[in-house]
Amino acid sequence: MRYEKAQFILPEHLVEMIQQYIDGSYIYIPRKSENRKAWGEQTGVKKALNNRNQMILESYLKGDSIQALSARYYLTEPSIRRIIRSEKMKL
């Protein structure tokens, strides 16, 4: 997120009104609900985690142990089990 200068995008009377409440400080204006993006959608993190989770399931189905997957992906064994269970439910 980047900051925009209010005086360049808002009418002068509105800037003056906002200054009555918060003078010289930062204010966050949330997106409209219809414009919100899901977590990880903008950065691609969600897609990367989904790909990783699919690879974990594929490796498990090919015979890799929970312990080996845990060491390979730097995750706890319960996390690996949770991912496998979740990915199986997607199938």
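Let's start with Y74, which is exposed, at a relative accessible area of 76%. By exposed I mean over 50% relative accessible area, while buried means under 20% and partly exposed is in between, using a 1.4 Å probe and protein chains only. Y74 sits in the loop between α4 and α5. Its phi is near 55°, a positive value in a residue other than glycine.

Before going on, a word on what we're looking at. This is a predicted model, where local features need pLDDT of at least 70, side-chain atom pairs count only at pLDDT 80 or more, and totals for chains, interfaces and linings use all residues. Residues are numbered from 1 along each chain as its sequence is written, and side-chain values use heavy atoms, with hydrogens and water left out.

Okay, the overall picture. The chain has 5 helices and 0 strands, so, reading from the N terminus, you get α-α-α-α-α. Helices here are DSSP runs of H or I with at least four residues, strands are runs of E with at least two, and both are numbered from the N terminus.

Now the shape. The C-alpha trace spans about 65 × 25 × 15 Å along its principal axes. The radius of gyration is 23 Å, whereas a compact globule of 91 residues would have one near 12 Å. That radius is taken over C-alpha atoms, and the globule rule is 2.2 Å times the number of residues to the power 0.38.

What about the surface? Of the 91 residues, 16% are buried. The accessible surface comes to about 8,100 Å², and carbon and sulfur atoms hold 53% of that. Those areas come from the Shrake-Rupley method with a 1.4 Å probe, and for residues only the protein chains shown count as cover.

On charge, there are 16 positive and 10 negative side chains, with the centres of the two sets 11 Å apart. Lys and Arg count as positive, Asp and Glu as negative, and His and the chain ends are not counted. Each charge is placed at NZ of Lys, CZ of Arg, CG of Asp or CD of Glu.

Next, contacts, meaning heavy atoms within 4.5 Å. If you take the ones between residues at least 6 apart in sequence, 33% join residues at least 24 apart.

Let's go to the loop between α2 (12-21) and α3, where D23 has its place. K32 lies in that loop between α2 and α3 as well. Buried or exposed, K32? Exposed, with a relative accessible area of 55%, and D23 is exposed too, at 60%. Here's a distance to picture: D23 and S33 are 10 residues apart in sequence, yet 27 Å apart in space, C-alpha to C-alpha. And from K32 to A68, 36 residues along the chain, the C-alpha atoms are separated by 45 Å.

On to helix α3, residues 45-61, which holds N53. N53 is buried, with a relative accessible area of 12%. Which residues does N53 touch, not counting residues up to four places away in sequence? I83 and E87. The N53 side chain also makes a polar contact with the side chain of R52, at 2.8 Å. A polar contact is a pair of N or O atoms within 3.5 Å; within protein, one must be able to donate a hydrogen and the other to accept it, and residues adjacent in sequence count only if both atoms are side-chain atoms.

Then α4, residues 66-73, with S70 in it. S70 counts as buried because its relative accessibility is 12%. Its side chain reaches the backbone oxygen of L75 at 2.3 Å. Leaving out residues up to four places away in sequence, S70 touches L75, T76, E77 and I80.

S79 counts as buried at 19% relative accessibility. S79 and I66 are 13 residues apart along the chain, and their C-alpha atoms are separated by 9.7 Å.
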